[in-house]
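Please read the explanation below alongside the model.

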Amino acid sequence: MAPVRTTGGVVVAAAISIFSMVMLSHLLSSKKNILRLSKKKKEKARNGLVDAIGNTPLIRINSLSEATGCEILGKCEFLNPGGSVKDRVAVKIIEEALESGELAQGGVVTEGSAGSTAISLATVAPAYGCKCHVVIPDDAAIEKSQILEALGATVERVRPVSITHRDHYVNIARRRALEANEVASKHRKSDQMDGKPVKQINGYTSDEEKQSSALLNNSRGGFFADQFENLANFRAHYEGTGPEILEQTGGNLDAFVAAAGTGGTVAGVSKFLQEKVPNIKSFLVDPPGSGLFNKVTRGVMYTREEAEGRRLKNPFDTITEGIGINRLTQNFLMAKLDGAFRGTDMEAVEMSRFLLKNDGLFLGSSSAMNCVGAVRVAQSIGPGHTIVTILCDSGMRHLSKFYNDEYLSQNGLTPKATGLEFLGIK
Ligand SMILES: Cc1ncc(COP(=O)(O)O)c(C=O)c1O
């Protein structure tokens, strides 16, 4: 038994040592991998939420690159903490307003927005010790107000009317900031008047005062973010997104393309790249109903009848969200564009499904439209070029329309393509 035991012992010992060697070499090689990984990802811990915004990855969209013969690169803005490209804008708007003294810590930032900007403002405001008040049309999806309220913002849902009406949600948001400033100034004055609050009757605050105070809750004044006209929006991209794209491509790029809502992204990036990259061409891709395509290609935005403000509410009908507009904003006016392409709703829907199937990219409607634009640019400038676009947000915020089969079918937008035939690529 003993020799057997000995033999068995030897066999077991040999097996253990072989196993150990294999494990050791496996460990060493995986350690190398870990080392390689940590080397690749060597990045310092970021300082809080605000520092985690921007410096998003630029990825090669493999399917589109292979199909077009161009390098098509997408800036992954959906990876920002607030889920969209608008995080950069929210930070810049708040920081500039705090710097200029127009917004005080503890003050309230107001915005009229049914979309990502409001969510980004509500996300970043607490990091600056500020509050956020959002005015949205009451036909906007209820999830939007729910998200905003969950983030701690106050939400006012109002009747949708034309932008020229004093009660358009953007105009109400502007007014709320002014009201907050009035309340704050009254508080300051009342503090100076023996501590007696203004408008107190027999020790009770008047109803009007109560309403504003409740809405703007002990505010230290208000500031209207005004993403359409506030050039902090443009600067967020001119100083952030543009330089990041330059660095990530090493200046090796031929074209940039994006759709415009406020115009901040396309303007900031196109202006920056035009100054830094010789021969770069920047393009707009425009959704149905928007007047910008005409403005870029023909210099005329709309007929008098089509002008925004002459129509009751939404002057156009597109499934895409956050892009397309029928007025020229201060932000868009900063853009340096070489041309424009039109994109259809059907193309955006088909593109989103194509990218999901081929690349695992789950993107929102504006990102899908931007990718349509990238393919159009590739077809126009030919193979061998590098084209950058923006992946603004993910599909998560687009479940009720853009990713809803029933909604798509009711609107004749059911996707059918098996490849990129909807853009003429076999
Ligand atoms: C999801 C989404 N994508 C794209 C845009 C357009 O970007 P910009 O306003 O910079 O033109 C917006 C604007 O609100 C948006 O919300």
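The paragraphs below go from the sheet to helix packing and then to single residues.

This is a predicted model, in which local features need pLDDT of at least 70 and side-chain atom pairs count only at pLDDT 80 or more, while totals for chains, interfaces and linings use all residues. Residues are numbered from 1 along each chain as its sequence is written. Helices (H or I, at least four residues) and strands (E, at least two) are DSSP runs, numbered from the N terminus.

Begin with the open sheet, in which 4 strands follow the order β5-β4-β3-β8 with parallel pairing; two strands pair if DSSP finds at least two bridges between them. At the edges are β5 (154-158) and β8 (222-224), each of which pairs on one side only. From one strand to the next the twist averages 20 degrees. Strand β3 (residues 108-112) runs parallel to β8 and is joined to β8 by 3 bridges. Within β8, Gly-222 is the residue opposite Val-108. Helix α6 (residues 142-150) lies across β4 (131-137) and β5, and runs at about 155 degrees to β5. Axes here are lines fitted to C-alpha atoms, for helices over the stretch in contact, and angles run from 0 to 180 degrees between N-to-C directions.

Helix α4 (residues 86-100) packs against helix α9 (residues 232-249) at an angle of about 115 degrees, with the axes 8 Å apart. That angle makes α4 roughly perpendicular to α9, on a scale where under 35 degrees is roughly parallel, over 145 roughly antiparallel, 65 to 115 roughly perpendicular and the rest oblique. The crossing of α4 and α9 is right-handed, meaning that the near helix is turned clockwise from the far one by less than a right angle, anticlockwise being left-handed. The contact (C-beta atoms, placed from the backbone, within 7 Å) involves residues including Arg-88, Lys-92 and Glu-96 of α4 and Asn-233, Arg-235 and His-237 of α9. By class, the residues of this contact are 4 nonpolar, 4 polar and 4 charged. Ala, Val, Leu, Ile, Met, Phe, Trp, Tyr, Cys and Pro count as nonpolar, Asp, Glu, Lys and Arg as charged, and the others, Gly among them, as polar.

Helix α4 also meets helix α5 (residues 116-124): their axes come within 8 Å and cross at roughly 55 degrees. The two helices are therefore oblique to each other, and α4 passes α5 in a right-handed crossing. Among the residues that meet are Val-89, Ala-90 and Ile-94 in α4 and Ser-120, Leu-121 and Val-124 in α5. The α4 contact with α5 divides into 6 nonpolar, 4 polar and 2 charged residues.

Which residues does Gly-74 touch, leaving aside residues up to four places away in sequence? They are Ile-59, Ile-61, Thr-389 and Leu-391. Gly-74 sits in strand β2 (residues 71-76). Thr-389 is 315 residues from Gly-74 in sequence, yet the C-alpha atoms are 5.0 Å apart. Gly-74 is buried, because 27 other C-beta atoms lie within 10 Å; the cut-offs are 20 or more for buried, 12 or fewer for exposed and partly exposed in between, with C-beta atoms placed from the backbone.

Most residues other than glycine have a negative phi. Asp-226, in the loop between β8 and α9, has a positive phi of about 55 degrees. Asn-279, in the loop between α10 (264-276) and β10 (281-286), has a positive phi of about 65 degrees. Asp-226 is buried, with 22 C-beta neighbours inside 10 Å, whereas Asn-279 is exposed, with 7 other C-beta atoms within 10 Å.

Methods. Two residues are in contact if their C-beta atoms, placed from the backbone, lie within 7 Å.
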